[in-house]
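Me: Can you walk me through this one? I'd like to start with charges and rings, then move on to other things.

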Amino acid sequence: MKTSVQVVLSVCLCLLPAAADTPPPEEITSIEYLYEVVHHLYRWHLDERDAEKVVGKQDIPFWVRGVRPELDANDQSAFGEVVIPDLDVAVSVKKADYTIPELGVTVRNDRFKIINVARGHLPATPDGCEVVRTSYPAMRDYAHRTRSQARFPEGELLMRMRVSAHGQIRDYLRGREKAGLESRIGTYDELLKQEQVVHMAPLSEVANETWMFWETGRMLIRYASDIDLEHPAVWAHDELAVNIYDIDEQTVVSLDEVAGSNAYMTRDQVGRALFNCVVLGRRVELDPSDVPPEKDRP
Amino acid sequence: MNRRTQIALSIFLFSVSVRVACATPNVLLKPADTKSGFIAQLLTNEVPFPGEHGWVGEENTKSAMLQILWVCHGRIHHVPSGYDRKEVAVTTSGDIIDVITVGGEKGQCDGFYRDAHGHFKAVPRVQKRIDYLLKIANEGTPGRFARLLLHAQGLADAYVAEGIRGADRYAGLDQVHKVSVTGRAYSWMADKDCYNPGGSFVKIPNAHEGSLGGNRFFTLKERNP
């Protein structure tokens with residue numbers, strides 16, 4: 001039962017703005033940047049249902065605004081939001097600029113990175129936003145022309161990702177073995193007898209997030225960070241950047257099947273990740289010698 | 001004992017006590033097999049720390065911890081009119097540990113389950129991340145990592161001792177884009193693009209701070225009793 005005090009307090013809290021609006025940073029109103037965002041959405045979020053919403057349109061507005069959430073002292077990060085009302089999409093972006101003394105790391109993104117893509121329940125009007133318009137045919141042609149354009153990890157980054165992927169797979173399986181939990185794919189030692197193959201999705205120019213499909217174990221590995229993926233700190237502390245999804249167990253057509261649970265992905269999401277990893281992606285074989293030997297094993 | 005020996009002994013004891021004091025960790029979490037230790041694990045696992053995807057700031061992460069606790073609490077104590085506890089929490093139990101672990105390893109709270117003996121557990125990846133966060137928090141001067149871990153443990157301790165502290169920021173929510181809703185959040189998930197969270201859940205939009213600490217929170221459609 002709500003007490004009147006609770007209600008008043010709660011209403012007040014709900015009415016407080018989450019973050020103040022500010023004029024958008026110039027960088028995120030440039031058409032080049034907005035097209036990069038569209039390229040990312042095309043690859044990771046949009047599908048036929050979205051395209052149908054805009055077929056025949058002559059121009060597409062972007063509502064762009066700056067956002068100023070409550071930040072820690074000395075955090076100079078900048079935030080913004082790009083709403084594409086015709087596609088029913090709101091993209092939150094961030095240009096991080098802060099330090100983590102505990103890790104001895106300065107987090108400074110070279111450009112605004114996508115931190116969230118939200119669907120539905122968008123603002124009804126562009127109040128407080130700068131409206132940037134582009135020709136729909138030009139935007140569509142750009143998305144089409146760049147649909148296979150891909151940049152993959154090379155050199156140091158590739159090496160770090162290989163080491164991390166193998167280390168995370170090993171830790172995942174060893175951890176389950178020690179805890180007495182079943183693994184659909186068997187033990188790590190059994191798995192070592194097979195060739196270990198991962199498929200790496202192309203890197204995004206506007207997101208610090210990437211996916212791998214571990215073919216041998218049939219699992220998706222997601223790396224996401226506030227720090228640019230090229231920064232060695234991401235891989236020195238990859239524990240804080242990795243998530244592993246057992247797609248055989250964690251995929252559903254609709255979240256309605258598992259309402260309220262936070263353990264699942266939809267087949268749409270998994271399908272897109274697999275397309276980007278396997279079809280557009282790059283196949284990489286992992287070598288057990290990539291990772292240091294286990295301490296408590298002979 | 002002569003005076004010189006006394007002084008030497010005092011210096012020795014002082015240096016030992018300084019060493020012991022220095023060795024005291026910044027953060028000690030309760031064991032995971034205690035109720036408050038387990039709740040603290042959940043609150044820590046579900047939110048971003050500095051450098052992680054979804055990180056905004058210390059207050060944002062602390063607020064997300066509180067809202068997650070409110071979801072678990074609300075599933076027991078604030079079941080809205082027209083719903084029953086089983087529908088909202090997938091269990092009729094009034095024990096918060098059951099609310100967290102219901103459905104097993106891939107149940108309502110991913111990775112939190114009861115084993116065959118009924119002991120509440122978290123999967124190894126959860127423990128591994130928390131151990132890593134503790135390691136960072138316990139190196140050098142206490143900073144944000146330490147404060148956030150202590151905050152999670154403090155919320156959990158207080159909850160077990162005397163119930164929930166702090167306001168539920170979604171309690172007064174009654175409409176989301178013309179849909180009447182019950183207020184409060186009853187679910188959360190990692191903030192990723194999805195059309196429909198399932199069931200009678202309604203996404204709390206950004207305008208109502210529905211995205212917090214890297215998570216999206218969901219309320220329920222209002223029903224007539």
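Reply: A charge sits over a ring if NZ of Lys or CZ of Arg is within 6 Å of the ring centre and within 35 degrees of the ring normal. Keep in mind that this is a predicted model, where local features need pLDDT of at least 70, side-chain atom pairs count only at pLDDT 80 or more, and totals for chains, interfaces and linings use all residues. Residues are numbered from 1 along each chain as its sequence is written, chains are lettered from A and ligands numbered from 1 in the order in which they are written, and side-chain values use heavy atoms, with hydrogens and water left out.

Me: OK, which ring does the charged end of B:Arg223 sit over?
Reply: The ring of B:Tyr83, at 3.9 Å from its centre.

Me: And how many aromatic pairs over all chains?
Reply: Seven aromatic pairs. Rings of Phe, Tyr and Trp (its six-membered ring) pair if their centres lie within 6.5 Å; planes under 30 degrees apart count as stacked, over 60 as edge-to-face and the rest as tilted. One of them is B:Phe38 with B:Phe112, edge-to-face at 5.6 Å centre to centre and 75° between the planes.

Me: Are B:Phe38 and B:Phe112 buried or exposed?
Reply: Both B:Phe38 and B:Phe112 are buried; that means under 20% relative accessible area, with exposed over 50% and partly exposed in between (1.4 Å probe, protein chains only). Together with B:Phe120 they form one aromatic cluster.

Me: Switching to chain A: what's the strand order in the open sheet of five strands?
Reply: S12-S11-S10-S9-S15, with antiparallel pairing. Two strands pair if DSSP finds at least two bridges between them.

Me: Which strands stand at the edges?
Reply: Strand S12 (242-246) and strand S15 (282-286) of chain A; each has a single partner strand, so one side of each is left without a neighbour in the sheet.

Me: How many bridges join S10 to S11 there?
Reply: Six, between strand S10 (residues 209-214) and strand S11 (residues 219-224) of chain A, which run antiparallel. A:Trp214, for one, has A:Met219 in S11(A) as its bridge partner.

Notes. Helix = DSSP H or I, 4+ residues; strand = E, 2+ residues; numbered from the N terminus.
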